[in-house]
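Please open the structure in your viewer and follow the stops below in order.

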2 protein chains.
Amino acid sequence: MTSQVWDASPPADASPAAEGTRWLDPEEQKAWRAWLYSTQLLQDRLDRELTHQTGISHAYYEILVALSETPLRAMRMSELADRCLSSRSRLSHAVSRLEERGWVRRQVCESDGRGQLAVLTDEGFAALEAAAPVHVEGVRTHLFDQLSPQQVAAMRDIGETLLRHLDPG
Amino acid sequence: MTSQVWDASPPADASPAAEGTRWLDPEEQKAWRAWLYSTQLLQDRLDRELTHQTGISHAYYEILVALSETPLRAMRMSELADRCLSSRSRLSHAVSRLEERGWVRRQVCESDGRGQLAVLTDEGFAALEAAAPVHVEGVRTHLFDQLSPQQVAAMRDIGETLLRHLDPG
DNA sequence: ACAGCGTAGTTGAAGGCTTGACTATTCCGC
DNA sequence: GCGGAATAGTCAAGCCTTCAACTACGCTGT
């Protein structure tokens with residue numbers, strides 16, 4: 001009746017819905033907490049530093065990167081949304097705001113009248129060029145400088161394993 | 001001038017700000033992308049499933065868990081904010097909404113007139129009890145069922161290493 | 001006693017995200 | 001070609017988060 005650990009062990013007087021639940025054992029719980037906290041702190045930290053030093057949030061940065069890596073610096077809206085793990089709606093709003101900054105413009109798609117192309121402008125490319133070193137330094141300082149080569153390899157292995165399960169694409 | 005990879009290699013005509021930037025090598029870049037995508041997809045998925053099946057977002061869930069693990073199911077607002085990796089303001093808003101649902105109530109702190117205690121109500125405890133199996137099943141299905149024991153151990157090790165660097169506490 | 005400072009927490013406005021409805025266009029089968 | 005289903009994208013309402021005040025209380029030194 002006092003303290004419970006809701007990842008790990010069921011309460012003594014477990015509710016009916018809890019029957020058959022595969023609770024986490026202590027090792028799993030520690031791994032889960034470490035993963036959850038570290039990913040949240042790292043993402044917050046990187047996003048905050050990038051935003052404060054460049055005025056570009058990590059979400060916007062990802063959009064600019066995706067466009068810049070494309071031959072014509074242009075991409076269909078849906079394709080861009082998928083690439084950025086973003087909903088259509090969210091991306092549409094974000095592109096509108098990037099348009100206001102003059103970093104992206106919309107252009108109707110030749111081959112499909114329903115479609116729109118998001119096109120990176122020269123100003124947008126310059127903004128990305130200015131932000132990239134800040135982003136990379138953050139990733140290096142807070143992630144790669146902290147880990148051994150073995151840990152980096154394990155991180156990649158775990159990430160790719162999870163992606164095979166999670167990523168519909 | 002065409003496609004660039006902004007984590008990995010500098011553009012040929014790098015801007016002055018890019019001088020001396022420690023760009024990521026191809027291995028690091030793959031590790032970074034795998035980590036970034038997998039964490040984002042996993043967190044989205046868990047939050048979405050929990051929200052749809054129980055009406056409780058992961059952020060609210062964390063608050064309820066933190067309170068339930070405490071002897072008197074009560075915690076100082078700041079302490080709770082720290083525990084949930086949340087800003088004071090964000091937590092204050094969240095507790096207000098949990099109060100509207102009748103799951104938490106506020107109570108002035110005896111020992112410090114400035115302080116407030118967030119207290120978990122019986123209704124809040126019941127809501128947590130109902131949501132916990134859904135949460136745990138999600139974590140198991142999308143995380144632990146996908147990984148080998150070695151990978152779980154490595155995940156914990158990496159998480160704890162990063163926490164030592166990131167966590168101010 | 002009280003001035004000044006630091007701490008605890010709240011509030012309101014501004015902006016971002018999600019959901020669901022909506023328009024416009026294309027594809028498909030007849 | 002033409003009618004219906006599917007697809008691409010946008011928009012508005014509501015919720016959440018952030019930021020910058022702001023209130024209230026406690027601590028310290030004189």
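Begin by selecting the contact between the two protein chains of this predicted model: chain B contributes 61 residues and chain A contributes 61 residues. On the side of chain B that touches chain A, colour α1 (26-54), α2 (58-68), α5 (122-142) and α6 (149-166) of chain B, the elements that give two or more residues. Of the elements, α6(B) gives the most, with 14 residues. If you colour this side of chain B by residue class, you will find 32 nonpolar, 16 polar and 13 charged residues.

Next, display both chains as a whole. How is chain B laid on chain A? A turn of 180° with a shift of 0.0 Å along the axis does so, with an RMSD of 0.1 Å. The two copies are thus related as by a two-fold rotation axis.

Now select DNA strand C. The surface near DNA strand C comprises three nonpolar, eleven polar and eight charged residues.

Move on to DNA strand D. At least two residues each are supplied by α3 (77-83) and α4 of chain A and by α4 of chain B; α4(B) gives the most, with five residues. By class, this surface has three nonpolar, nine polar and eight charged residues.

Finally, select the strands of chain A. Three of them form an open sheet in the order β1-β3-β2, with antiparallel pairing. β1 (74-76) and β2 (104-108) of chain A stand at the edges, each with a single partner strand, so one side of each has no neighbour in the sheet. On average, neighbouring strands are turned by 30° against each other, direction ignored. Between β2(A) and β3 (residues 116-120) of chain A there are five bridges; to locate one of the pairs, select A:Val104 and its bridge partner A:Leu120 in β3(A).

Helix α2 (residues 58-68) of chain A lies across β1 and β3 of chain A, at about 95° to β3(A). α4(A) lies across β2 and β3 of chain A, at about 115° to β2(A).

How values were computed: Residues are numbered from 1 along each chain as its sequence is written. Chains are lettered from A and ligands numbered from 1 in the order in which they are written. This is a predicted model: local features need pLDDT of at least 70, side-chain atom pairs count only at pLDDT 80 or more; totals for chains, interfaces and linings use all residues. Copies are superposed by least squares on the C-alpha atoms of residues with pLDDT of at least 70 in both. Two residues are in contact if their C-beta atoms, placed from the backbone, lie within 7 Å. Helices (H or I, at least four residues) and strands (E, at least two) are DSSP runs, numbered from the N terminus. Ala, Val, Leu, Ile, Met, Phe, Trp, Tyr, Cys and Pro count as nonpolar, Asp, Glu, Lys and Arg as charged, and the others, Gly among them, as polar. Two strands pair if DSSP finds at least two bridges between them. Axes are lines fitted to C-alpha atoms, for helices over the stretch in contact, and angles run from 0 to 180 degrees between N-to-C directions.
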